[in-house]
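Colleague: I would like to learn how to read a model like this one, feature by feature. Could you take me through it?

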Amino acid sequence: MELVVVDIGGTHARFAIATVDADGAIALSEPETLHTEDHASFQTAWEDFRQRQGGSLPDAVSMAIAGPVSDDIIRFTNNPWVIRPPLVKSKLGVARFTIVNDFAAVAHAVARAPDDQFLHLTGPDEPLGSEGTITVLGPGTGLGVAHLWRSGDRYRVQATEGGHVDFAPLDSIEDAILARLRRRHRRVSVERVVSGPAIVDIYQTLAAMERRTVAECDDVEIWTRGTSGEDSLAAAAVDRFCLSLGSVAGDMALAQGGFAGVVIAGGLGYRIRDTLPASGFAERFRAKGRFAGLMAEIPVKLIVHPQPGLYGAAAAFVAEHGETA
């Protein structure tokens, strides 16, 4: 079976052709990445991809969406596109479709990916549990959060909007970050601190604390300078980001009961894969007071599959329609 898989975020829409073998194995073609701002709608992006594929596409599609999924109308959290599920078949010319939250798709990928697709970060160096709940989160344009419950070969995925819970600072630096953000936002969610664009506010806060005047620059530049080590202030911002990510990951595991494991996902998570183990991420993950011992027993991984959203979209389609739909 072949189908189109799409992973739509705030900045990019990634398209690929997925092949599902009779044994359920999923293979992806080389993905095409389109900028959402370059297309007026998802349909025009679809038509662009179809043209790139020679003018024809399989008659099935699975879409991973950065935002809540509903039956009538889907509005994205971080881009202006709108998708109306009742019109998908007629607008795209497909016979079957699946639409899932983008981090629900990642959770499907976590459920099906082999052990060698995970990098160990902290906790017991053992595979994710085969029984119980696994928490999945990842910083990108926003902060995606989901979880999955599994028992042996069976699993179920639950999408959430956990990235929009309140941010809880733990020290004076995070107090200062919160104060800066509160000047612009009445309510500050964890997504304002633990996402790709958030590095700008972290960087500017650290500069203000040192009474330094720094040039205005975008998040991509700060991430580049910080991860390369060429800018010590940017490197400090990256380390501070890792601390906050550890805190949030631990909070999500406690809230969801993710004691079978926690998985960090997303392109940004993969980009800082070498930074996370040497940062304060692990210490902050465990720093949950009376539950520190419990937190230390949770295996925490980073998924290294190059396209977990696309892989997971295919897995979600199989879960809904079957391997030979």
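Modeller: Let's start with Gly10, which sits in the loop between S1 and S2. Helices (DSSP runs of H or I, at least four residues) and strands (runs of E, at least two) are numbered from the N terminus. The model is predicted, so local features need pLDDT of at least 70 and side-chain atom pairs count only at pLDDT 80 or more, while totals for chains, interfaces and linings use all residues. Residues are numbered from 1 along each chain as its sequence is written, and side-chain values use heavy atoms, with hydrogens and water left out.

Colleague: Is Gly10 buried or exposed?

Modeller: Buried means under 20% relative accessible area, exposed means over 50%, and partly exposed lies in between, with a 1.4 Å probe and protein chains only. Gly10 has a relative accessible area of 15%, so it counts as buried.

Colleague: And which residues does Gly10 touch, beyond those up to four places away in sequence?

Modeller: Contact means heavy atoms within 4.5 Å. On that basis Gly10 touches Thr36, Ala66, Asn78, Asn79 and Thr141, leaving out residues up to four places away in sequence. Gly9 is in the loop between strand S1 (2-8) and strand S2 (12-20), and with the same exclusion Gly9 touches Thr36, Ala66 and Asn79.

Colleague: Where does Thr36 lie?

Modeller: Thr36 is in the loop between strand S4 (32-35) and helix H1 (42-52). At a relative accessible area of 7%, Thr36 is buried. Setting aside neighbours within four places in sequence, the contacts of Thr36 include Gly9, Gly10, Thr11 and Trp81.

Colleague: Where does UniProt place the feature "binding site"?

Modeller: Such annotations may be inferred rather than shown by experiment, and the positions are in the numbering used here, with feature names shortened. The unreviewed UniProt entry places "binding site" at Val6, Asp7, Ile8, Gly9, Gly10 and Thr11. From this set, Asp7, Ile8, Gly9, Gly10 and Thr11 belong to the lining of the largest pocket. A pocket is an open set of points on a 1 Å grid over the protein atoms alone, with protein on both sides within 12 Å along at least five of seven lines, and lining residues have an atom within 4 Å of a point.

Colleague: Which helix holds Leu310, Ala313 and Ala314?

Modeller: They are in H11, and each of them is buried. Eleven of the 14 residues of H11 are buried, so the helix is largely enclosed by the rest of the structure. Expected helix span is 1.5 Å times one less than the number of residues. H11 (residues 308-321) reaches 20 Å from its first C-alpha to its last, close to the 20 Å expected. Gly322 follows H11, with a positive phi near 95 degrees.

Colleague: How far apart are the end C-alpha atoms of H7?

Modeller: The ends of H7 (residues 232-256) are 36 Å apart, which agrees with the 36 Å that its 25 residues should span. Of those 25 residues, 18 are buried. Ser244 lies in H7 and is buried at 1% relative accessibility. Leaving aside neighbours within four places in sequence, Ser244 contacts Glu174, Val193, Val194 and Arg284. After H7 comes Gly257, whose phi is positive, near 70 degrees.

Colleague: How do S10 and S11 pair?

Modeller: Two strands pair if DSSP finds at least two bridges between them. S10 and strand S11 (residues 143-151) pair in the antiparallel sense over nine bridges, and a hairpin of three residues joins them. Ile134 has Leu148 in S11 as its bridge partner. With strand S13 (residues 261-264), S10 pairs in the parallel sense over four bridges, and Thr135 stands opposite Val262 there. Seven of the nine residues of S10 (residues 131-139) are buried, so this strand is largely enclosed by the rest of the structure.

Terms used: 1 Å grid on protein atoms, 1.4 Å probe; cavity = no way out; pocket = protein on both sides within 12 Å on 5 of 7 lines; lining within 4 Å.
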